Amino acid sequence: MIKLLVVDNHPIVRKGLELLFVTSPQIQVVGGVNNGEAIFDFLKQHPVDIILSEIDLPKLNGITALRRLRKEFPKVKTIMFSAQPEEIYAINTIKSGAEGYLMKSVDIMTIKEAILKVHDGSVYLSNDIAEQMSSKKRGSRSGSYYKKLSMREIEVLKLLASGRKNKEIAQELDINEKTVSTYKARLMKKLNVSNIVDLISRAKLLEL
């Protein structure tokens, strides 16, 4: 039986996934938590095989939690389960240590397929993203911008676009404020803008 932990700040999502697998002979939802920090409290007390996690989480975002998981619980596999655009996040979350990426718009069978595939040792991506990776095709305008950015740069850009200050970004990503300023400068250079207003406008173009 695959032990699944659901991480999402919406109770209906956690409960829905629990009900989805309540009669499954292969997958058991052993718990649900609503923020990134709570993942680690749960794992210290309960065995988990796979985590199904949103990116946008309180206290500790999903990407930062993913990096920490790779260090503290390397045997636990993670599938990111998010409404964030996969053309921007999917490949970089895999590079950061996730074993899969699912859009929240997928159907029930796809969720089950992804969990089973990851449990068997494979990586799960949608056909579109897998094809992009294998063929190295350039995607949409947003995709071409995204390819210039590292996962950390995307995280910083997203937080800037949400109105966070440098100090808040530093605390959430567990980096210092000077490093945040460095990322801002890199983002402006890579996205060809000269001020924070244009940088945030670019983030909106990327649908962050």
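Okay, quick definition before we start: when I say helix or strand, I mean a DSSP run, at least four residues of H or I for a helix and at least two of E for a strand, numbered from the N terminus. And keep in mind that this is a predicted model.

With that, let's look at S24. It sits in the loop that links α1 (11-20) to β2 (27-33). Buried or exposed, then, at 15% relative accessibility? Buried means under 20%, so S24 at 15% counts as buried. Its side chain also reaches over to the backbone nitrogen of I27, at 3.0 Å.

Now, the sheet. We've got 5 strands in an open sheet, and the order is β2-β1-β3-β4-β5, with parallel pairing. At the edges are β2 and β5 (100-103), each of which pairs on one side only. From one strand to the next, the twist averages 25°.

Further in, β1 (residues 2-7) and β3 (residues 50-53) run parallel and are joined by 4 bridges.

Last stop, helix α8, residues 151-161. Here 10 of the 11 residues are buried, so the helix is largely enclosed by the rest of the structure. After α8 comes G163, with a positive phi near 95°.

Key: Residues are numbered from 1 along each chain as its sequence is written. This is a predicted model: local features need pLDDT of at least 70, side-chain atom pairs count only at pLDDT 80 or more; totals for chains, interfaces and linings use all residues. Side-chain values use heavy atoms; hydrogens and water are left out. Buried means under 20% relative accessible area, exposed over 50%, partly exposed in between (1.4 Å probe, protein chains only). A polar contact is a pair of N or O atoms within 3.5 Å; within protein, one must be able to donate a hydrogen and the other to accept it, and residues adjacent in sequence count only if both atoms are side-chain atoms. Two strands pair if DSSP finds at least two bridges between them. Axes are lines fitted to C-alpha atoms, for helices over the stretch in contact, and angles run from 0 to 180 degrees between N-to-C directions.
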